[in-house]
Structures are given as structure tokens and as C-alpha cells.
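Welcome! Have a look at the model below, and then let us walk through a few of its parts together.

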Amino acid sequence: MNNHALIDTATALVADNKGLLAMDESTPTCNKRFAALGIPQDEDFRRTYRELLVTTPELSDSISGAILYDETIRQHTQDGTPMIAVLIAAGIIPGIKVDAGTHSLAGHPGEFITEGLDGLRERLRDYARLGARFAKWRAVVAVSDDLPSRGCIEANAHALARYAALSQEAGLVPIVEPEVLMDGDHSLARCREVTEAVQHAMFAQLHSQRVLLEGLILKPNMVVPGKDSPEYTSGSVTAEMIAEATIDCMLRTVPAAVPGVAFLSGGQTPEQATERLNAMHVHCGTRLPWAATFSFSRALQQPVLDIWRGDVANTQAAQRALQQRAECNHAARRGAYLPSMEPA
Ligand code: 5MM
């Protein structure tokens with residue numbers, strides 16, 4: 001393990017006010033998003049769509065890294081160039097999702113454990129050989145009055161730390177993603193309480209597993225009320241309240257040695273996710289010991305899919321939508337986003 005190389009990669013991923021494009025949807029998730037828009041769900045359409053994303057002009061002005069899925073890292077563009085080579089040529093750091101998805105946690109109804117540790121050392125070696133420089137593992141935590149359980153928090157924290165240590169051993173920067181879900185009717189305060197407990201447990205495990213904090217990126221949820229909560233449906237929680245709750249929570253849990261916190265969007269609309277990231281910099285910018293940026297999937301890609309719809313005639317317009325969302329988030333990282341930047 002080369003600590004300097006890990007630190008350089010982690011630092012580059014959050015430099016220059018840029019953020020990450022998460023395009024690592026597994027085949028079932030990608031197909032689900034395609035099905036919702038009537039796009040055929042086969043490998044060729046997934047390949048064509050991912051080619052659209054990675055060949056978007058000037059993407060590297062706002063995007064530092066892209067998280068790929070196993071299928072994509074092995075695919076080529078129509079002219080025969082490996083997808084990963086297109087990213088590298090554009091100055092975008094390629095990464096890879098390495099978890100094997102979430103499964104029911106035995107003995108814990110309604111809770112999940114992320115699998116994929118078996119054989120991970122060999123898979124990481126293979127991905128490094130293909131050119132990946134960072135990895136990603138997502139754990140999900142459901143919230144209710146009784147959940148999450150201690151067992152769920154600890155099992156996922158341990159798996160995240162085991163994965164992070166193996167990634168660093170392979171020379172890949174681990175992105176650790178403990179996602180507290182927006183599903184449910186819980187309050188903003190409850191999301192904050194759970195997020196704090198989950199991250200506290202995870203950083204304790206990262207310490208136990210001797211993970212180099214300077215060589216990882218945290219990908220957390222923003223602290224938001226549940227989608228079915230009165231706070232959410234009434235719209236009474238402002239971007240400023242979410243920004244304050246999120247940053248207060250991160251300041252209590254994320255050591256200053258970590259170079260960056262790259263938020264997932266988690267089901268927020270693209271505009272909400274951008275506005276809330278912007279509010280973190282406007283209202284809390286002077287208090288941040290690490291870079292606070294984005295690693296969005298849906299909040300970057302949904303407008304792209306809505307325009308593309310599987311039709312090659314829409315490719316350029318869809319790429320413009322990706323450029324535009326990436327630029328809005330690039331501005332948000334400086335606290336310089338304005339709603340007037342949105343397309344009419
Ligand atoms: C939470 O999901 C991650 C961030 O996406 P959003 O910004 O849309 O919340 C995302 O990287 C996720 O891990 C991938 O889409 C893969 O998901 P699946 O469910 O296919 O493993």
C-alpha cells in the first residue's frame with residue numbers, strides 16, 4: 001500500500017470544487033430506471049447510455065471522478081475505445097462499485113447487510129489492473145421508531161471497514177457510503193440522530209481496521225426528514241435547516257483528517273440536492289475542515305434520462321443536461337449556485 005498515492009487520489013477527487021458522477025447502478029437498478037421511461041432494458045442500451053455519459057463534452061470542468069459498475073468498466077464505446085480510457089483521457093478519475101448489493105440481515109426484520117467481502121481482495125486487484133483508482137461500497141440503514149438496531153449498525157460498519165482496508169491494500173481509495181434512507185415518516189432530528197450513530201460506529205471500525213483516514217472519502221446522506229413525514233410533505237424544512245443539521249452532524253463524526261465528504265442525493269430532486277449543498281457552503285462554509293461536495297447518481301442523471309429516452313437523436317440535448325447539472329453543483333460547492341442557473 002502506497003499512502004502517498006492514496007492521499008493524492010483522494011485529494012484529487014475533491015479538488016477544484018469538483019464532485020463525482022455516480023454511474024454505478026447495478027443492472028437491476030439501471031433497468032428499473034430505463035423501464036420507467038420505456039427504454040429497452042438490454043446490455044446494448046445500457047452501454048449506449050453510459051457512452052453518452054462518459055463522452056459528454058467538458059464534463060471534467062465540474063466532475064473529478066466517475067463511479068462505474070462492473071459491466072461498464074469492461075465495455076467499449078462504439079468506436080472500440082474502452083469506456084475507462086475515455087474517462088482517463090478526459091481527466092476524470094475512474095472508480096468502481098465493488099459491493100455485491102444489500103440483502104436481508106438475518107434475525108433483523110426490515111434491515112439489510114451489504115455483501116461482497118468474499119473474494120474481494122482478488123476482485124480489487126483485477127479492478128486496479130483495469131485502471132480503477134478508487135472503489136465504492138454502499139450500506140443502507142432503514143429508519144423507524146425502532147430501527148436501526150445496534151446489530152445492523154455494527155454489522156454494516158464492520159463490513160465497510162473491512163472493505164476499506166482491502167481497497168487501500170490494493171491501492172484503491174475507498175469511498176465509504178453508509179446511507180441512512182429517506183424512506184419513512186421520521187423527522188429531521190431523528191435522521192440526524194441515526195446518521196450520527198451510524199457514522200460514529202463506522203469511524204470506530206475504520207480505526208480498528210487501521211484504515212488510513214487521509215486516503216478515503218466519505219459518501220453520506222444529507223440529514224433530511226423522511227419522505228412521508230409531515231416536515232417533508234409540508235415543505236417546512238428549509239435548505240438552510242438541512243445544511244445546518246447536516247454539517248453539525250458531520251462535524252461531530254467525521255475526523256478532520258478525512259479529505260472529503262461527498263454527499264449522495266438519496267431521492268431528493270436534482271434542484272433540492274444542489275440547493276442544499278449550496279446552503280452548506282453559504283451558511284457553514286467557514287466551519288468545514290474537509291471538502292464538502294457531491295457524488296450524485298439520480299440528482300445528476302435523472303434529467304439526462306428524461307431527455308434521452310433511448311433515442312440517439314436526443315444524445316446531444318441529454319449531454320447538455322448533464323453538463324448543466326454538473327455545473328450547477330460545481331457552483332454549489334463554492335456557495336455560488338443561483339436558481340436562475342437552471343434551464344427555463
Ligand atoms: C444511494 O445510491 C448512490 C447514490 O445515488 P443517489 O445520488 O441517486 O442517491 C449510488 O451510487 C448507488 O450506490 C448506485 O446507484 C448503485 O445502486 P444499486 O442499488 O444499483 O446498487
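Throughout this report, a residue is called buried when its relative accessible area is under 20%, exposed when over 50%, and partly exposed in between (1.4 Å probe, protein chains only). Helices (H or I, at least four residues) and strands (E, at least two) are DSSP runs, numbered from the N terminus.

This is a predicted model, in which local features need pLDDT of at least 70 and side-chain atom pairs count only at pLDDT 80 or more, while totals for chains, interfaces and linings use all residues. Residues are numbered from 1 along each chain as its sequence is written, and side-chain values use heavy atoms, with hydrogens and water left out.

**The barrel**

Let us begin with the strands. Eight of them close into a barrel with parallel pairing, in the order S1-S2-S3-S6-S7-S8-S9-S10. Two strands count as paired if DSSP finds at least two bridges between them. Strands of a sheet pair through backbone hydrogen bonds, either parallel or antiparallel.

| Strand pair | Residues | Bridges | Direction |
|---|---|---|---|
| S1 and S2 | 19-22 and 63-68 | four bridges | parallel |
| S2 and S3 | S3: residues 93-97 | four bridges | parallel |

Ala 66, in turn, has its bridge partner in S3, namely Pro 94.

**Helix H2**

Now turn to helix H2, residues 27-36, where Cys 30, Asn 31 and Phe 34 are buried. Seen down the axis of H2, these residues fall within an arc of 100 degrees (taken from the directions from the helix axis to the C-beta atoms), so they line one face of the helix. Pro 28, Lys 32 and Ala 36 lie on the other side of H2 and are exposed. The cover over the buried residues of H2 includes helix H3 (43-54) and helix H12 (298-308), where contact means heavy atoms within 4.5 Å. After H2 comes Gly 38, with a positive phi near 75 degrees.

**Helix H10**

Finally, find helix H10. Its buried residues include Ala 239, Ile 242 and Met 250. The buried residues of H10 pack against helix H8 (188-208), strand S8 (217-218), strand S9 (260-263) and helix H11 (270-284).
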